[in-house]
Amino acid sequence: MATVEAIGGIGQSVKRKEDDRLIQGRGNYVGDIALPRMLHLALLRSPVAHARIGAIDTEAAAAADGVVAVVTGKDLEAHNLAWMPTLSGDTQAVLATDKVRFQGQEVAAVVAESAHAAHDALELIEVDYEPLPPVVDPQVALEAGAPLIRDDKEGQEDNRCYEWEAGDAEATSRAFEDADAVVELETHYPRCHPAPLETCGCVADVNPATGKATIYMTSQAPHVHRTLFAMVAGLPEQNIQIISPDIGGGFGNKVPIYPGYVVATAASLLIGRPVKWIESRSENLISTGFARDYHMKGELALNRDGKMLGLRVRLVSDNGAFYADAQPSKCRAGLFGIVTGSYDLPAAHVSAVGAYTNKAPGGVAYRCSFRVTEASFLIERLVQSAAYELDIDPAEVRLRNFIRPEQFPYRSPTGFEYDSGDYDRAMRMALESVGYEELRREQEELRREGKLLGIGIASFTEVVGAGHGKDYDIAGIKMFDSAELRVHPTGKAILKLGVKSQGQGHETTFAQIVAEELGIPADDITVREGDTDNTPYGLGTYASRSTPTAGAAAAVIARKVREKGEQIAAHLLEAAPEDLEWETGRFFVKGSPDRSVTIQDVAFAAYTNPPDGVEPGLEGVHYYDPPNMTFPFGTYVAVVEVDAETGEWKVRRLVAVDDCGVRINPMIVEGQIHGGLAEGYGIAAMQLITFDDEGNCIGSNFMDYLIPTAWETPRFETLETVTPSPHHPIGAKGVGESATVGSPAAFVNAVIDALAHMGVRNIDMPVTSAKVWEAIHRAGGAR
Ligand code: CDP
């Protein structure tokens, strides 16, 4: 008999199917694609951050060996392709025509017989740049009289790109009037870059005979990209096929549409040959979707017992020269409203202003739901400051303010309805595991010896799984997702999804969902994603949305297929459908367990012996529009040792308790959490993209932009609680991003905690040893 364990159903740590090919070097990435007569494209990028463009001399480049064409913005203008819409409703230059607005912006392209010839010819292009003052600081960008960056936009008179607010300003002011204490924190969540192992690229193949455009592309959202391509290029959508083959990490970086994709497609269309564009590491780091860059000011009002009364947040977001990341249309600052976190806050008000600056466009959901990382960081840092201010233990302040289990579904003051949670339990589990009280005693003792130990807590709540179509859309397209399931006559199945894995293990976990619902072994189910001709429409994979949306769609369609299977089983067993019962992998007649048929028998009969009046075949498609998002949560505790002489800090322990509802594949979930924790640690400790006063990007290679390797990354201890999402068909919540959301605050809180008795309250990320050393010395040395 089939059992859930044997077939690899939900809760089984099935080994990842995709790894067989990926670890043997048999993956198929965009870089692997080579088509007959394929040309290569290279992009000329602006060396300056802000300048008017004069003449562009392409003559020498066009005459160089192997060069087929040189393309400028003016050439694209003739085809109405010089500008394109962005996923956030702005416009972005494909190749600059009037001005360059950031260092690294695309100015011209060379198409040649080889990649080397294309790159060599770039050096022969001469561009007259007439320098303009660069605007690097978003606060300066918003000041009156700042140089106008987006003079291309009609009616745009300053560098404001959006304004947004949530919550109740008046109720929040009243809460502040009644407060015993107000804690303030100003902090910058710095710019960082997702830096996926594989950079972005495409192979565009427009067939001159049929007009069909096949575009192999590093895309986390192939269906939406197809629609945008149809709109930008004016190609009929049914003639565009976007294929996202294996993707070597996305982390939000492969959501935006980049000029390289558009120019390669336009070049293929005009030249009639396939065109390949693969960006270098430096191009990826200086020109593609950055993340974060939020300047935040938070104020928390409390009574003297530590009960939170109100939260007020103002933030300035640095979006770079184009608002080109993807945020849901109504949420200009993403889902930042989750800033009230895990706390029962009676009142809150959040206001945000987005600024254009002379930097690459950014703000992608880098391993987080839209802007949730920034929100979580702010509230967790504020809560810790409140604890010191009121002289209450940081764990205790949280316990006094958590939303209690019986309050769910909980309506937050900024408008979310949290589905479920048990914050108390997760936190107590983390504290117990780390030995919190003992650590506090040790901290006291060490302080007497002049040694610094810090314990940092972050109790985060995320909002993932966008969305419900009523409230959330990207460029007007509702945020649902889809699954198509076909069971073949021999009982094997194929599941096609609108989302697109970039390494998360979808081929394994989505097969497990269908295995659970239909009783077909997960090994007998192939999962296909990322080919727009052969998968149902979906919004793609980012912001931990795949399990809450496509995972739900897979469960629902498997249930529908099973319902049809029941009719076929009834026919085979000569019984009425209502007299049948289901157990993993088979239908049987109630009271006669021996009279049964397996799901495989049913599948065969669907094609060979269907009942009269029942359509042959066993398949279906489901579009799932979730009723709400899901709200995974957890508590992380970091313990660090700080060297008072050097400011160096080392992680002694990191205990992570995560709750993502029902875990489909616990091993994969753990892997996701490990990955997220490593990224969270990297951001807290070293990852920083910054700019000099001229707008030059400092961090254009891995010598300057530091990402943690296995050497620096600390050991992680992971634990779980399970609070299912009541509205999700299998009770799962997304998890892919949680650890990156939760952990930076835990690490930073730990370092500050080590220094708190000296009055240190804030150190901005990345928390380098130099900054820690400085903080210690400003406070008068270790005491
Ligand atoms: O959208 P994305 O795939 O990045 O995020 P996710 O839906 O949170 O899923 C990340 C990976 O963890 C996928 O392979 C999921 O199927 C798996 N997962 C799981 O096994 N159980 C959960 N409760 C949530 C996710």
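**Group meeting talk: a walk through the predicted model**

Hi everyone, let me start at one leucine: L573 sits in helix α16, residues 546-573; helices here are DSSP runs of H or I with at least four residues, strands are E runs of at least two, and both are numbered from the N terminus. Before I go on, this is a predicted model, where local features need pLDDT of at least 70, side-chain atom pairs count only at pLDDT 80 or more, and totals for chains, interfaces and linings use all residues. Residues are numbered from 1 along each chain as its sequence is written, and side-chain values use heavy atoms, with hydrogens and water left out.

Back to our leucine. Is L573 buried or exposed? L573 is buried, at a relative accessible area of 10%; buried means under 20%, exposed over 50%, and partly exposed in between, with a 1.4 Å probe and protein chains only. Leaving aside residues up to four places away in sequence, L573 touches L580, F587, V589, R595, S596 and V597, where contact means heavy atoms within 4.5 Å. V589 is 16 residues from L573 along the chain, and their C-alpha atoms are 7.8 Å apart.

Now the cores. A nonpolar core here is a set of buried Ala, Val, Leu, Ile, Met, Phe, Trp, Tyr and Cys residues joined through side-chain atoms within 4.5 Å. The largest has 193 residues, and L41, F336, V642, W649 and L755 touch the most other members. Another core lies apart from it, with 46 residues, among them A515, A550, A555 and I568.

On to strands, which pair if DSSP finds at least two bridges between them. Strand β16, residues 308-318, has 10 of its 11 residues buried. On one hand, β16 pairs with β15 (residues 290-302) in the antiparallel sense over nine bridges, with G310 as the bridge partner of A301. Five residues separate those two strands in their hairpin, and G306 there takes a positive phi near 90 degrees. On the other hand, β16 and β17 (residues 347-355) run parallel, joined by nine bridges; S317 has G354 as its partner.

G354 comes back when we look at N159, as one of the residues that N159 touches. N159 is in the loop between α6 (138-141) and β9 (160-167), and is buried at 1% relative accessibility. Its side chain reaches the backbone oxygen of A141 at 3.1 Å, and a polar atom of that N159 side chain lies 3.0 Å from the backbone nitrogen of I149.

Next, an open sheet. Which order do its four strands take? The order is β26-β25-β24-β30, with mixed pairing. At the edges stand β26 (525-529) and β30 (619-624), each with a single partner strand, so one side of each has no neighbour in the sheet. From one strand to the next the twist averages 15 degrees. Strand β24 (residues 481-487) pairs with β30 in the antiparallel sense over six bridges, and L485 stands opposite G620.

Last stop, the ligand. There are 24 residues around the ligand, and H506, S546, T547, V662 and V735 come nearest; the cut-off is a heavy atom within 4 Å. The side chain of T509 has an N or O atom 2.7 Å from a ligand oxygen. Backbone N or O atoms also lie by ligand oxygen atoms, at 3.3 Å for R545 and at 3.0 Å for N665.

Thanks, everyone!

Definitions and conventions. Axes are lines fitted to C-alpha atoms, for helices over the stretch in contact, and angles run from 0 to 180 degrees between N-to-C directions. A polar contact is a pair of N or O atoms within 3.5 Å; within protein, one must be able to donate a hydrogen and the other to accept it, and residues adjacent in sequence count only if both atoms are side-chain atoms.
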